[in-house]
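Dear colleague,

I am passing on the structure we spoke about, and my notes on it follow below. Please read them alongside the model.

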Amino acid sequence: MDVSNWHALEPQQALQTLGSCMTGLSAGDARHRLRREGPNQLPIAPPEHVLRRLARQFKNVLIAILMLAGLATLAIRHWIDAVVIFGVILAMVLIGTLQEGRAEKALRAIQSLLARHTIVYRDGRLQRLPTDQIVPGDIVRLQAGDQVPADLRLLQAAGLRIDESPLTGESITVDKGIDPVAPRTPLAERRDMAFSGTHVAQGHALGVVVATGARTEIGRIVRLAENISGGHTPLMQQMADLSWKLTIAILVLAAVTFGFGWLIRHAAFEEAFLAAIALAVAAIPEGLPAVVTITLAIGVQRMARRNAIIRRLYAVETLGAVDVICSDKTGTLTHNQMMVRSVVLPQGQLVVAGDGYAPTGRITPAEPLTMADIQPDFERLLRAGVLCNDSALKSEPEWHVVGSATEGALLTLALKAGIDIDAARAACPRSDVLPFEPERRFMVTQHRSASGRVWIVAKGAPETLLARCPSQVRQGTDESLDYEYWQQCLDELTKTGQRPLAIAAAEMAVENTQASLEEMASNLALLGIVGIEDPPRADAIAAVAHCRAAGIHIKMITGDHAATAQAIGARFGLGQAGVLSGQDIDALDDAALRERTRSIDIYARTTPEHKLRLVKALQDRGCVVAMTGDGVNDAPALKQAEVGIAMGRRGTDTAREAAHIVLTDDNFVSIAEAVEQGRTVYDNIKKSVLFLVPTGLAEAMIVVLALLAGLTLPLTPLQILWVNTITATTLGLALAFEHAETDLMQRSPRGRRDSILSGMLAWRIVFVTLVIVAGTFGQFLWAIEHGVPVERARTIAINTVVMFEIAYLFSSRSIVSPVLNWRGLTGNRYVLIAIAITLVFQAALTYTPLLQTVFATRPLDLADWVAILGTASTVFILVELEKTILRRRQRRRDRLASVSV
């Protein structure tokens, strides 16, 4: 049965359409429908075989370039080096396979949202049935604590409130009733419906099943998520581009070198081929993929210490490339805990400080009022809020409410004012109650004091209670209601995003046994109005400002009302261009929506489709998008975004499994810190590229120059492999531990299509390559011309290369900033450790007989070392001079830009 507008039908119409009645289906009819409709389960595709996931890892170009390096080392029979390289490949493949296997759980986690058993009317009597056996037309009973088993059209409801946040993002429980709503009513406002996977917070109800399994709202989200596949991250694209360019350049250069040596210089085939292999091995940065992986892994560890658990390795860096963060409001930007922010009495207003349910924070009357002026009236309102209240506050493990969030806010207010909740309730025990109903929009309780007087207390929607209050209480005395004053106060509360709640009371000498409680609540005196909100996190406000200063646009996407969203957004500096609602989004085509995302920062009353469209619209503009979420409704958008960020504390399993990152504290501050760490990771990867590529190219160019000049190779293939292995596993890795540079969060996000090597970095690579080649080749030629044996000359050359790399490592710690200072030279202890290890290895290579035999080296004297160190230091001096010139040019451009503005 497929009727899209069940919410627009009267209860009896829905029953007739489904061929059902209040006593439920017969067992035979239910069996027939079960065969026709299928079980109430979400369709989940069979898991992908592990071998397919394993094979897909080899499509990664980083692994391909590493394979090429491994095959090159095998070709020249350097087994140990080959084992190391293929070991890194195996580790990368296994990590990727395991991570993808965990990602497959995203859709399966949704199954856990379905209740296992359900109370259903069958054959006119209540039965407890497995949830997968219920069918459209079944009559389901709901009560507090139940999980809604399917999509239901409500037939009866008493005090029913449902937590729909996993599905709609609504920050507070939703009052439910049975009156139909308009056909085009947004999902979050369909008050006569109960949806599969949501939770009954209060009350009880009967509903008829209108959709099961894949036809439910959750099933629709499953289908959305199934059709989304993760794309390549910016770093993967950039590294693939760099790897292909390097591979092509190296293969061309190796082929030219082989052809020149064999055809032009008439060298032996084996000698020319060995030279070409030496060149390829020297130029291929076989350590780069390992360095990238380890740099990302270090970022994972650092983010974990900042409350961000990384589920996809490349998400570490991708977060640093983000230029738009689509953030949920509730719990991420706010506390997800309701609190009273304002109290309005006839005398004036009080401002309440604090956050959430913790009973801390001052209550300050607006001038010229004092607490003495309003104390009796304020205390009366507080006690009324405690009595007309079914909830409780608990302090373990932290302050939280058991029951309604709104009622919890009233209890917290009372505790802040020094009211003993238990004593207040014991002094006026409840004798009757009229529960809250959506149609009535208020709750009434009756209490009897120790003196025998009866007190009627009511709380609810101000527009409803004001109509029942001919009077108001000032200084303990009833006076005529000042309707205009209260209406003005309501307007002010609404504009600031506070949800107004009126509290009224009536006192009588004896109980009126002839009148109903609702009739007794028709002549009340208004005690006051409280303004309730889910307060923004103060640290989140600062974090949003921090991100915006870094050029990151913040988009707030929520299921809440537009007015609430705009009021909260204004606290974060968002919403100057207005709010776009879900209905507004529906009215726009993709091109128009793409344009509106340029200016609109706040999106309210959104559905899963809206969130998915917004993420795609931003991506179509070339943005790198991070999306936060906690509910099932967020799963498609989390999966679509380059970085999906799920809430770890209040998030659903579905959201966590669909996300790349899970926040353990549900705080936007952790997102901002993770962005900074992601940028640091990318910076460190760039520094590693900037270090490894020119040193490898320099070794290759030394081979090329020797062939062109017809000279003996200054470095043998075995010696080149030694240098690459030692420096990549020590010096190259040290840069992975660099901390953030001081200007990191003042930079604009890099573009999606930006190359990892900008023009400036490409120049740096060429510049450093030439310096190392000139210095090393010069040292080798000087030694040969002075009659030094070739083995010793090569020992000078190999140590010159390594000392060049050590000197250049210091400069590589910062791309533009100077390092000729204490922090620049000693700020990364891993650099000093790596240098010490490298020097130990070089001493062993130069002076131990075993390594001298294997690598054909000879011992050097002090004069050799003085010449080597003097030559190698030139790269540090020249690069620092180049940085100075670059900084001066940048300052000049900045001054010209400021003048033009």
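Trp 486 is buried, at a relative accessible area of 0%, where buried means under 20%, exposed over 50% and partly exposed in between (1.4 Å probe, protein chains only). This is a predicted model, in which local features need pLDDT of at least 70 and side-chain atom pairs count only at pLDDT 80 or more, while totals for chains, interfaces and linings use all residues. Residues are numbered from 1 along each chain as its sequence is written, and side-chain values use heavy atoms, with hydrogens and water left out.

A search of the whole structure gives 6 aromatic pairs, a pair being rings of Phe, Tyr and Trp (its six-membered ring) with centres within 6.5 Å, called stacked if the planes are under 30 degrees apart, edge-to-face if over 60 and tilted for the rest. One of them joins Tyr 485 and Trp 486, whose ring centres are 5.1 Å apart with planes at 75°, so this pair is edge-to-face; Tyr 485 is partly exposed, at 21% relative accessibility.

The rings of Phe 737 and Tyr 830 are stacked, because their centres lie 3.9 Å apart and their planes are at 20°. Phe 737 sits in the loop between α28 (731-734) and α29 (759-785) and Tyr 830 in helix α32 (residues 829-847), so the pair ties together parts 93 residues apart in sequence; helices here are DSSP runs (H or I, at least four residues), numbered from the N terminus. Phe 737 is partly exposed at 24%, and Tyr 830 is partly exposed at 31%.

Finally, ring pairs link Trp 722, Phe 841 and Phe 855 into a cluster.

With kind regards

Terms used:
Helix = DSSP H or I, 4+ residues; strand = E, 2+ residues; numbered from the N terminus.
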